[in-house]
Amino acid sequence: MSTPRALADLAAPLGAGPDGYMRLVVDAPTWEALAAGCASGAHDLSAFWADGDSMMMALGDAVGHRAIVALETQAGVYPSVARHHAPALRLERAMRDLYGTKPVDMPDPRAWLDHGRWPGRENDQRYEFLPVEGEGLHQIPVGPVHAGIIEPGHFRFTANGETVVRLEQRLGYVHKGIEGLFAGADIARGARLAGRLSGDSTVAYAWAYALAVEAALGWHVPPRAVLLRGIMAELERMAHHISDVGAICNDASVIAIHAQCALQREDVLATSQACFGHRLMMDRIVPGGVAADLSAEGIGRVRGLLGRMAAARAEIARVYDSMPSLQDRTVTTGIVSPALVRQYAAGGFVGRAAGRAFDARKNYPYAPYDATAFDLKTRSAGDVDARLMVRLDEIGESIRIVGQLLDQLTPDVIRAEPTSIAAGEGAALVEAFRGDVFVSVRLGADGRLARVHVRDASWFQWPLLEAAIEGNIVADFPLCNKSFNCSYSGVDL
């Protein structure tokens, strides 16, 4: 095994680009040493992808260093990162399926996105789930089609009676070729694609894509547009956090809280429609600024929403706290250990509920959060209850943030044109409601997208759901699953 090497060892002589990332081209031994550094905890793996003949890693550490590391492959052959660092495994399998890369000594050779139906592929063998040994075990296959209007995914439970011994996921059923669609597209087309990667994070993805393009081109964004982006992002966060709180309670058969949360989510969506012209605010963040302004009437509508949301949040918290029968279902259920959260660099409420104090708005602050006061809320139990409570905590912080941003709005244009369109590259990390999303953009000399890679927070959260359900009863899986609320679409590139 390679000796771990810390990102900080390479950072001293280098400067970060406009996007905050240093860029390094390394040899195979350094690549493996950095992979081993991820495993040792010296830095985190933020993203992993293929770009032409090179493999790429985005890394970050606790003192603010960020880097994009490139290794030139030999006809697609390169040393496996997952051999050192397990969280890279699904990413490596996906890149192999999409681009034919050849990771040497990858621990799991099975396909990830390719279900044996892609033309020209010889991957039609039966998918073998990992074996489990022991007496009295039985398997429960669930999905990929589920009893609800949700995306498809397969869950293979191995149980001893009602106790889950192992859960293994198989995803990829909504693979849409998103990275292939980006290739050769113009910047505007790319913005629409980014906003549709995972619809519940359309604002966050559009923002990350816009920041990456703007960094690549030195594109200035008007101050009012920056504030409006923050307002939209916090509205998106509030809508989905309150929806998740209701969904968790619904799976514990407390439909009164679910109904209240559904009404409050609808309030946020209706306000977003009235103020920005779209319930999800899709296509409202664009490179160079935003596509919709907030009128004086709209400001009043948002302020009214904040008051109603604060009151609803307080009442939901009161009712939840007064129901021991509900907490009996959530407290100590679906525990994820702090060690696993650190290993996987899990973001969002999954990480913060287990004590990992990471939030892209705080750790790698971008405007307007670099000048906005808010607290980073964490819990330590790592269970369903902690994940629910972090959501309620963050709704309160989002209310504070939006109030501050509204106070700072002054008349201004909401979009600027670029000074030029040329070759360049940029990357961005933006905090979506379920955690940090990463977007890397490389523009060709014609100004079109040569390569775009997107990484959802769910890549590093889905595996932790497998760990969370072990030792729990099968009937608690819906609670655990809802408390994670991972995106299928976000990982089915």
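Visitor: Is Ala-62 buried or exposed?
Guide: In this predicted model, Ala-62 sits in the loop between strand 3 (54–60) and strand 4 (66–72). Its relative accessible area is 85%. A residue over 50% counts as exposed, so Ala-62 is exposed.

Visitor: How many Å apart in space are Ala-62 and Glu-151?
Guide: In sequence, Ala-62 and Glu-151 are 89 residues apart. From C-alpha to C-alpha, the distance in space is 35 Å.

Visitor: How do the directions of helix 7 and helix 8 relate: roughly parallel or roughly antiparallel?
Guide: Helix 7 (residues 223–251) packs with helix 8 (residues 255–276) at an angle of about 160 degrees, and their axes are 7 Å apart. Angles over 145 degrees count as roughly antiparallel. Therefore helix 7 and helix 8 are roughly antiparallel.

Visitor: How many nonpolar residues are in the contact of helix 7 with helix 8?
Guide: Helix 7 passes helix 8 in a left-handed crossing. The contact residues include seven polar and one charged, and the nonpolar ones number 15.

Visitor: How many residues apart in sequence are the parts that Asp-283 and Arg-192 tie together?
Guide: The side chains of Asp-283 and Arg-192 meet in a salt bridge, 3.1 Å from N to O. Asp-283 is in the loop between helix 8 and strand 10 (285–286), while Arg-192 is in helix 5 (residues 187–194), so the pair links parts whose separation in sequence is 91 residues.

Visitor: Is Asp-267 buried or exposed?
Guide: Asp-267, in helix 8, pairs with Arg-308 of helix 9 (residues 296–321); their salt bridge spans 2.6 Å, N to O. Arg-308 is partly exposed at 39% relative accessibility. For Asp-267 the relative accessible area is 17%. Under 20% counts as buried, so Asp-267 is buried.

Visitor: How many salt bridges does the count come to?
Guide: Side chains of opposite charge can pair when their charged atoms come close. Some of these salt bridges share partners, joining Glu-234, Arg-237, Arg-352, Asp-359, Arg-361, Glu-394 and Glu-431 into one network. With a cut-off of within 4 Å between nitrogen and oxygen, the count comes to 36.

Conventions. Residues are numbered from 1 along each chain as its sequence is written. This is a predicted model: local features need pLDDT of at least 70, side-chain atom pairs count only at pLDDT 80 or more; totals for chains, interfaces and linings use all residues. Side-chain values use heavy atoms; hydrogens and water are left out. Axes are lines fitted to C-alpha atoms, for helices over the stretch in contact, and angles run from 0 to 180 degrees between N-to-C directions. Helices (H or I, at least four residues) and strands (E, at least two) are DSSP runs, numbered from the N terminus. Angles under 35 degrees count as roughly parallel, over 145 as roughly antiparallel, 65 to 115 as roughly perpendicular and the rest as oblique. A crossing is left-handed if the near helix is turned anticlockwise from the far one by less than a right angle, and right-handed if clockwise. Ala, Val, Leu, Ile, Met, Phe, Trp, Tyr, Cys and Pro count as nonpolar, Asp, Glu, Lys and Arg as charged, and the others, Gly among them, as polar. Buried means under 20% relative accessible area, exposed over 50%, partly exposed in between (1.4 Å probe, protein chains only).
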